[in-house]
Structures are given as C-alpha cells and as structure tokens.
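Colleague: Please show me the model, and then let us go through it by question and answer.

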Amino acid sequence: MKGTRWAALLLLLLTASAAAAGVRREKAGEKVCSKGWECSGSRFCCNETISDYFKAYHFEELFAKRNDPQLAHAAGFWDYQAFITAAALFEPSGFSTTGGKEMGMREVAAFLGHVGAKTSCGYSEAPGGDTAWGLCYNHELSPSQSYCDDSNELYPCVEGVEYYGRGALPVYWNYNYGIVGKGIKQDLLNHPELLEQNATLAFEAAIWRWMTPMKRKQPSAHDVFVGNWKPNKNDTSSKRYPGFGATMNILYGDLICGQGLTAKMNVTISHYQHYLDLMGVGREHSGDNLDCADQVAFNPSSKSSDS
C-alpha cells in the first residue's frame with residue numbers, strides 16, 4: 001500500500017509540474033495542448049496526431065508483405081503499435097504534427113518511404129512489386145565488414161560486439177551506435193542488438209535520426225521536409241532546396257545525391273510516392289524538389305554517411 005501511495009503522489013506531482021509548465025507557456029503567448037499519452041504540453045499537440053489519421057490498416061497496406069512466412073526475414077517483428085508508440089515521443093517536437101493534417105500525412109509517408117526502401121527485400125517482379133516489401137529486414141544479413149572504427153575515442157568499440165546495420169533506418173559503425181544511443185537514452189554502444197530485438201526502439205532510433213541535425217547549423221530531415229529550413233546562398237548555389245530530395249541528402253549524402261537519377265534514389269522516391277497513394281494523399285502532392293540528383297552533399301562522404 002505504501003508503494004501505491006508513493007506512486008500516486010509521484011503521478012500527481014508530475015501532472016502538476018506539466019500543468020504549471022503549460023501555464024507558463026500560455027502566459028508567454030504560446031498556445032499549448034494535451035492529447036493524453038500521445039502528445040502533451042506543446043503547440044504541436046494542437047494539431048492532429050499520427051493516430052488521428054494514420055491507422056493500423058494504413059500500416060498493413062504500406063507494409064503488406066512484411067510478415068510473409070517464406071520471404072520476409074523479420075516476420076512478426078514490426079507492427080503498428082511499435083511505430084505509434086515511438087512516434088508519440090517526437091510528436092510534441094513536431095514529428096507529423098507540423099503544418100496541418102496534409103503535411104503530417106506527407107511527413108509520415110516521407111519518413112516511412114525511407115524506412116521501406118532501406119528495409120525492403122522487394123524487386124520489380126516480386127508479388128506486389130518492389131514497393132510492397134518494406135520492413136522485410138530488421139538487421140543486415142551478410143555484413144561486408146566489422147564496422148568498428150578503433151580510432152574513435154569517444155565511442156570506442158566494445159570487445160565482442162558487432163556494429164553491422166540494424167533498425168528501421170539501419171545504424172552502422174560504433175560511433176553512430178554511440179551517438180544514436182545517447183540520443184534515445186539507450187546503451188546501444190554495448191548493446192546494439194536492442195535495435196533488432198525491440199521494434200519500438202528501432203523506430204525510435206530512426207525517428208530520432210529524422211528529427212535531429214547531425215551538425216550544428218545544419219537542418220534535420222524533418223526541417224527540410226516541413227519547410228522549417230530556409231536555404232542560404234551556399235545552399236542555393238549547391239542546389240539544395242527544401243523538399244524530399246534534401247531529406248535524402250541529409251540521411252545519405254553523396255552516397256545517393258549529386259550523382260544524377262540513380263536507381264537507389266529512384267527507389268526511395270518510389271516508396272514515398274507509393275505510400276502517399278496508399279494513404280489517400282496522392283503522389284501529386286509529393287512536393288517540390290523531389291530528388292537530389294544535382295545536390296551537393298551537406299557533408300562529405302564518409303563511413304558515417306549512411307548511419
């Protein structure tokens with residue numbers, strides 16, 4: 001009973017603290033809203049949240065073959081609830097809650113378009129086509145190298161631990177596991193396997209990557225997609241403009257961008273547009289600057305570009 005009373009008191013204190021913070025922001029002239037567990041204490045929560053417009057049946061349509069018993073390599077791992085639970089952590093920061101319902105739907109399609117392309121085992125002759133096989137994987141099956149950079153002193157390799165690609169937007173290399181782990185408050189440097197054992201954490205790591213700039217004075221993929229970012233003269237001379245194309249630049253750099261209309265880039269765009277169609281938005285609302293064929297990379301090519 002004593003433990004129950006303490007838990008109740010703690011919940012009351014946390015609720016009062018959140019309410020007080022909300023009042024302070026209201027007095028400062030910023031309207032804030034609360035939508036239960038999914039979104040609270042932020043102006044972005046005044047917009048519709050993901051679960052208002054992106055339902056379980058949408059998830060099933062987008063990733064129709066993910067549980068195929070014969071071909072899918074992560075059958076039974078990925079599900080709608082894991083995505084929604086992870087997304088709820090970032091909705092107060094604007095993930096899918098920036099710019100109204102249509103922009104929110106477009107951002108979900110854009111983010112999941114990257115996820116689908118990076119985790120697909122589809123091909124053009126596969127049942128349903130190459131865009132029906134997203135979330136086929138949750139880890140790299142045949143690592144080509146150890147992905148251990150011994151020179152990194154901040155996030156050194158842990159003996160016996162392998163840093164091959166894992167997750168919804170696969171993480172590679174010890175330092176990237178360290179950076180992403182710090183971002184989501186998980187010890188991924190010592191336990192990178194968490195991203196192939198827990199679907200919610202795998203989505204959380206991917207959304208954190210989408211929402212977080214990799215360097216100071218650079219935008220996040222979220223920023224360039226929803227229009228928070230305004231390119232400067234250096235950006236425009238490098239042909240970098242807001243839109244889906246710039247999200248590929250931020251996530252992959254010159255591994256995909258600045259090389260013309262490559263197959264890798266076109267596959268990612270195809271997933272995004274296919275998901276827009278399935279969600280009822282339509283590819284005609286893909287937005288401007290869809291590709292990054294002529295864009296100069298924000299950051300030079302390195303081992304960490306595809307993290």
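Predicted model: local features only at pLDDT ≥ 70, side-chain atom pairs only at ≥ 80, totals over all residues.

Colleague: What percentage of the residues in the protein chain is buried?

Modeller: Buried here means under 20% relative accessible area. The protein chain has 307 residues, and the buried share of them is 50%.

Colleague: Of the contacts with a separation of 6 or more, what percentage comes from residues 24 or more positions apart?

Modeller: A contact requires heavy atoms within 4.5 Å. Among contacts in the protein chain with a separation of 6 or more, residues 24 or more positions apart account for 65%.

Colleague: What does helix 11 reach from its first C-alpha to its last?

Modeller: Helix 11 covers residues 263-278, which is 16 residues. At 1.5 Å a residue the expected value is 22 Å, and the helix comes close to it. The reach is 22 Å.

Colleague: Which residues of helix 11 are buried?

Modeller: An α-helix has 3.6 residues a turn, so residues three or four places apart point the same way. Cover for the buried residues of helix 11 includes helix 3 (56-62), helix 5 (101-118), helix 8 (221-226) and helix 10 (244-252). Those buried residues are M265, T268, I269, H271, Y272, Q273, Y275 and L276.

Colleague: Which residue with a positive phi follows helix 11?

Modeller: The phi in question is near 85 degrees. The residue is G280.

Colleague: Which residues have the most contacts inside the largest nonpolar core?

Modeller: The largest nonpolar core has 70 residues. Its largest share, 10 residues, comes from helix 7. The residues with the most contacts inside the core are F54, F83, F95, F111 and L112.

Colleague: What is F54 in contact with, leaving aside its neighbours within four places in sequence?

Modeller: F54 is one of the residues with the most contacts inside the largest core. With those sequence neighbours set aside, the partners of F54 are F59, L62, Y80, F83, I84, V108, L112 and M279.

Colleague: How many residues are in the other core that lies apart from the largest one?

Modeller: Among the members of this other core are A72, C121, A132 and C136. Its residues number six.

Colleague: How many aromatic pairs does a search of the whole structure find, and what kind is the pair of F77 and W78?

Modeller: The search finds 19 aromatic pairs. F77 and W78 lie 4.8 Å apart, centre to centre, with 85 degrees between the planes. Planes over 60 degrees apart count as edge-to-face, so the pair of F77 and W78 is edge-to-face.

Colleague: Are F77 and W78 buried or exposed?

Modeller: Both residues of this edge-to-face pair fall in one class. F77 and W78 are buried.

Colleague: How many residues apart are F83 and F203, which form an aromatic pair?

Modeller: The F83 and F203 rings are edge-to-face, 5.4 Å centre to centre with 65 degrees between the planes. F83 is buried at 0% relative accessibility, and F203 is buried at 0% as well. F83 lies in helix 4 (residues 80-88) and F203 in helix 7 (residues 199-211), and the pair links distant parts of the chain, 120 residues apart.

Colleague: Why does the salt bridge of K35 and D52 tie together separate parts of the sequence?

Modeller: The side chains of K35 and D52 meet at 3.7 Å, N to O. K35 is partly exposed at 33% relative accessible area, and D52 is partly exposed at 36%. K35 lies in the loop between strand 1 (33-34) and strand 2 (40-42) and D52 in helix 2 (residues 50-53), so the pair joins parts that are 17 residues apart in sequence.

Colleague: Which ring does R240 lie over?

Modeller: R240 also forms a salt bridge with D235, at 2.8 Å, N to O. R240 is buried at 5% relative accessibility, and D235 is buried at 6%. At 4.4 Å from the ring centre, R240 lies over the face of F298.

How values were computed: Residues numbered from 1 in each chain as written. Heavy atoms only, no water. Salt bridge = Lys/Arg side-chain N within 4 Å of Asp/Glu carboxyl O. Helix = DSSP H or I, 4+ residues; strand = E, 2+ residues; numbered from the N terminus. Buried < 20%, exposed > 50% of the residue type's maximum accessible area, 1.4 Å probe, protein only. Phe/Tyr/Trp six-rings, centres within 6.5 Å; stacked < 30°, edge-to-face > 60°. Lys NZ or Arg CZ within 6 Å of the ring centre and 35° of its normal. Expected span 1.5 Å × (residues − 1). Core = buried A, V, L, I, M, F, W, Y, C linked by side-chain atoms within 4.5 Å.
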